[in-house]
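Thank you all for making the time this morning.

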Amino acid sequence: MSQPAIAQDVETARSMADAPYWDASLPVERRVADLMSRMTAEEKLAQMISTWTTKGQVQDSADFFDPARASRLYPDGIGFFARPSDRTGGGSPRIVPPRSIEESVRYSNALQKWAREETRLGIPVLTHEEALHGLAAQDATSFPQAIGLASTWDPDLVRAVNDHAASEARARGVFQVLSPVVDVARDPRWGRIEETFGEDPFLVSEMGVAAVEGLQGLGKDPTLGEGQVLATLKHMTGHGQPESGTNIGPAQISERTLREMFFPPFKEVVDRTAIASVMASYNEIDGIPSHSSRWLLDDVLRGEWGYRGAVVSDYSAIEEMASRHKIAEDVPGTAELALDAGVDVDFPDGVAYRTLAQLLDEGRITQQQVDRAVERILTMKFNAGLFEDPFVSDMAPALASNTEQGIALARRAAEKSLILLKNDGILPLAVPGDGPRPTIAVIGPNADVARLGGYYGIPRDTVTPLEGIRELVGDSAKIVHAPGVKITLNDDWWADEVELADPEENRRLIAQAVEAARNADTILLFVGDTEQTSREGWADAHLGDRTGLDLVGEQNVLFEALRALGKPIVAVLVNGRPPSYPALAEGADAILETWYAGEQQGHAIADALFGRVNPGGKLPVTVARDVGQVPNFYNYKPSARRGYLFSDVTPLYPFGFGLSYTDFAIGAPQLSSSAIRPGQGVTVRVRVRNTGALAGDEVVQVYLRDDVSTVTRPVKELAGFRRVTLAPGEETLVDIPIRADAFALWNRDMKRVVEPGEFTIMVGSSSQDLQETKLTVSQ
C-alpha cells in the first residue's frame, strides 16, 4: 500500500504513515475514529466543502490542476471535487469542450496526488460526475433518458445500464455520481419529468433500487467493488409535484401524501441497498425548505428509516435559503440551518459551509455537529477504497468506454424503451424487396438529429433516425427528407435563452416539406421537443417548465399540412415530457413514442418502424388530454375525476399503456391464497399467451385496491409487474408476488397498519385493461 509522503518533519511523517487509519484490515469505524482524533478543526471543516465553478482557482493557464495553487487555497485539503471532466466549472460543452478521457484521468490523478502527498493527513478527495442516463462526459456511452428507461419496465436492464455507467466513471478516477433521480413525477408541466422514472411510487422504487444496485453493487455491503461508484439518491423530496409545475416551487403536499406517494422510493432504496448519499431537494414543504428540515432529514430519513449515510446539498441550495426562500438573513444563517437539519456536504462550491469556522467561533454551531458530518464523509471515502488506491493506474479501461459493449447495450436499451401508442395496421413497414422502390418521406425537426436529453454525455458517435432508416433500407427505397419546421433557434440544453423559431420561416419550411412528401408512399413525421423546450429550470434566467403540454411552434401546422396530402402518416415522438398531442393522437395512422432514446436511437427507431424490433415499452406516466386535467395520475382518490363540462375526464393515454405488433391474451388472475393475515404477502399467477404472428414483449401489471378503509385510498395502486418475451403461439405462466407491505396504509393516527378486509386484485396490460379477483385480509 502506498503511503503519503507528508511534507513535514520525518518523525511526524512516520507517525502518520503508520497510523491505524491507513490499515485497510481494520474496521471502517476504527479507521474513522483514528483519523478524526488526528484532525484539526480546520481539516474537518475542509472535508465538508467542494469546488466546481471555482475550480479555475486551482488550475493553471492550460486548465490543468495546479498543486501549488491548491495548497495555497486549500492548505487543509478539500472534501469533494465536482465534475473533473469539465474544464471551467459549468457552461455549455459546445462553448468549452470537456476534457478528453486522457485529460480527465491525468487531472484526477494529479488531484489525488496532491491530496495524498501535500496535505498533512493525506485524505483523498471524493470526485463526482453526473450519470443520469450514462456518464455525462466526453466519449461516454449515452443511454435513453430516465423516463425512457422507466418505459422498459425492466429493472434488470436498468441495473445493467447503471453498472456500465459506473464502470466508465470509475475507470476515469470518479468515485461518486449524482444519480439516480427517484422523484415521483406528478406534473407534466415540470421540465425535469424526463429525468424521472415516472408517476408511480412502486415503479419508481423498483427502478431506483435497480439503478443503485447497478452503480454500487447488490446487497447492503457499503464497500465498493471494482468498477463501482457511490450513488446519490435525489431529491428528498416532493420535488416532482411543484406548485404550478415550476421547478423548485413549493410542494403543497400533506404528510399523508408524502408518505404514500413520495417517500416510498427513497425508503425502498435505503432498506434494500447500501446507498451512500442522499441529496436534499430545493423545494419547501409546508413552509420548510428541505435543506433546513430536521423532520425530513433527521426524524424520517435517519430516525425512522435508520439511514446512516451522508446527506449532500443540491447545487447552491443552502445559500438559496437566504436569497430565494428568505428564511435566513445571510449565508452564514443558511449554513447554520442546514447543518442543524443534518446536511453534511455543501455542493458545488461550499459557499455556505465556508462560513462554518465563523459559526463555530460565534458558538452558533457545535463541534459535535461538525464531527458527525465529517464522520459520515470519511466513512464514504473509506468504503469507496480511496485511502487504498485513489489513482487510475491503467488508462486502457477508460479509453475503451463507449465501444462495442456500451454501444450494444445502448441499442438494446433504446429498443426496449420504445412505446407503440397507436397503430391502424400500417406498422411495421415492409422492408422493400425486389419490386418497385417505394418513396418514404422522413420529415420533421427531430428526424436528422440524435436528441439526448438533459444531463447528457458526449458519445463518440450518435445515430439519427434518418441515418438509421437510410442504413436499414439502403437502395431498396427512395428516402426524401425535409425538416418541415425548426422548433427553437438553439437546442443547447445549457444555454439560458430559449427562443422559438420564426413562424414565417417555418411556413416556408412547411411548404418545402409538403412538396418533398407529395409523391411519397408513406410519411414518417418526427416531432416533439428539443433539449430546450423541456428541461430543468435551474435559474430565473434558465427556464424549462411550461404552461402547455402540446407541441410547440408550428409542429401541429406541419402535421395538418402533411395530413392534407392524404398519405399514411406515422408520427414518431422525440420528447422529454408526456406526449399530450391530441391532434396527432386523432389524426396520425400510427404513433411511436421514443423519448430521448440515447446514442443508438436511430438504429432502434428504424428497426421498430420496419419490424425488426417489436415495441414493448409501456408508459410510466399518465398522458393528459389537456393541461386543464393536471395533475392527472392513475392512482387518484375515489372522489377525484368526477368529470368536466365540455371535456373528457379520461386521459389521452393511461399509465402502463403500450401496444405491440402482436396480440397477447392474459388469463384471469389466480391467487396463491384467497385469504392472508396482516404481515403476509400473496402471489398472483396469470397465464399469458402470444396469440399473434410475431414474437413480442408484454408487461403483466398487477394492481390492488383496498375496498373499504378508515382513510381514503387510491382507486388502484401498482403492486407488481413483469416483462415477458413470447414467440408466436407461446404460452407461459407468470408469477408476480405482492409484498406484505403493499396492503398497509397510514391510518388516522399516522401509523402504518394493515386493516383487515377485502382487497380487489387486478391484472392486465395497462392500468385500464384489467381483470379482477378478490383477496381477504383476515384478523
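This is a predicted model: local features need pLDDT of at least 70, side-chain atom pairs count only at pLDDT 80 or more; totals for chains, interfaces and linings use all residues.

If you turn the model along its principal axes, the C-alpha trace spans about 85 × 70 × 50 Å. In terms of secondary structure, the chain holds 21 helices and 25 strands.

Buried residues make up 62% of the 779 residues, and, among contacts with a separation of 6 or more, 77% are between residues 24 or more positions apart. The accessible surface comes to about 27900 Å², and carbon and sulfur atoms account for 48% of that area. As for charge, there are 76 positive and 110 negative side chains, with the centres of the two sets lying 3 Å apart.

Now to the sheet. Three strands form an open sheet in the order E1-E2-E3, with parallel pairing. Its edges are strand E1, at 80-82, and strand E3, at 176-177, each of which pairs on one side only. E1 and strand E2, which covers residues 126-129, are joined in the parallel sense over three bridges, and within that pairing phenylalanine 81 has threonine 127 of E2 as its bridge partner.

Which residues of E2 lie on one side, and which on the other? As background, side chains in a regular strand alternate between the two faces of the sheet. In E2, Leu126 and His128 are on one side while Thr127 and Glu129 are on the other, and with all of these buried, both faces of the strand are covered.

Is glutamate 43 buried or exposed? Its relative accessibility is 5%, and because that is under the 20% cut-off, glutamate 43 counts as buried. Setting aside residues up to four places away in sequence, glutamate 43 touches Arg38, Asp76, Arg120 and Leu121.

From there we come to the loop between E3 and helix H8, the latter at 201-216, where arginine 192 is placed. Arginine 192 counts as buried because its relative accessibility is 2%. Not counting residues up to four places away in sequence, arginine 192 touches His235, His239, Asn247, Tyr455, Arg535 and Glu536. Its C-alpha atom is separated by 36 Å from that of valine 473, which is 281 residues away along the chain.

Valine 182 also has its place in the loop between E3 and H8, and at 0% relative accessibility valine 182 counts as buried. Beyond its neighbours within four places in sequence, valine 182 is in contact with Val204, Gly208, Leu233, Lys234, Pro265 and Phe266. Between valine 182 and isoleucine 666, which are 484 residues apart along the chain, the C-alpha atoms are separated by 30 Å.

Proline 180 lies in the loop between E3 and H8 as well, and the peptide bond joining serine 179 to proline 180 is cis, with omega about 10°. Another cis peptide bond joins phenylalanine 347 and proline 348, with omega about -5°, and proline 348 lies in the loop between helix H12, at 331-341, and helix H13, at 356-361.

Finally, some backbone angles. Tryptophan 153 is not a glycine, yet its phi is positive, at about 50°. Tryptophan 153 is found in the loop between helix H6, at 146-150, and helix H7, at 155-171, and counts as buried because its relative accessibility is 1%. Asparagine 402, likewise a residue other than glycine, has a positive phi near 55°. Asparagine 402 lies in the loop between helix H15, at 396-399, and helix H16, at 404-417, and is buried, with a relative accessible area of 3%.

That is the tour I had prepared, and I am happy to go back to any part of it.

Terms used:
Residues are numbered from 1 along each chain as its sequence is written. Side-chain values use heavy atoms; hydrogens and water are left out. Helices (H or I, at least four residues) and strands (E, at least two) are DSSP runs, numbered from the N terminus. Buried means under 20% relative accessible area, exposed over 50%, partly exposed in between (1.4 Å probe, protein chains only). Contact means heavy atoms within 4.5 Å. Accessible areas come from the Shrake-Rupley method with a 1.4 Å probe; for residues, only the protein chains shown count as cover. Lys and Arg count as positive and Asp and Glu as negative; His and the chain ends are not counted. The place of a charge is taken as NZ of Lys, CZ of Arg, CG of Asp or CD of Glu. Two strands pair if DSSP finds at least two bridges between them.
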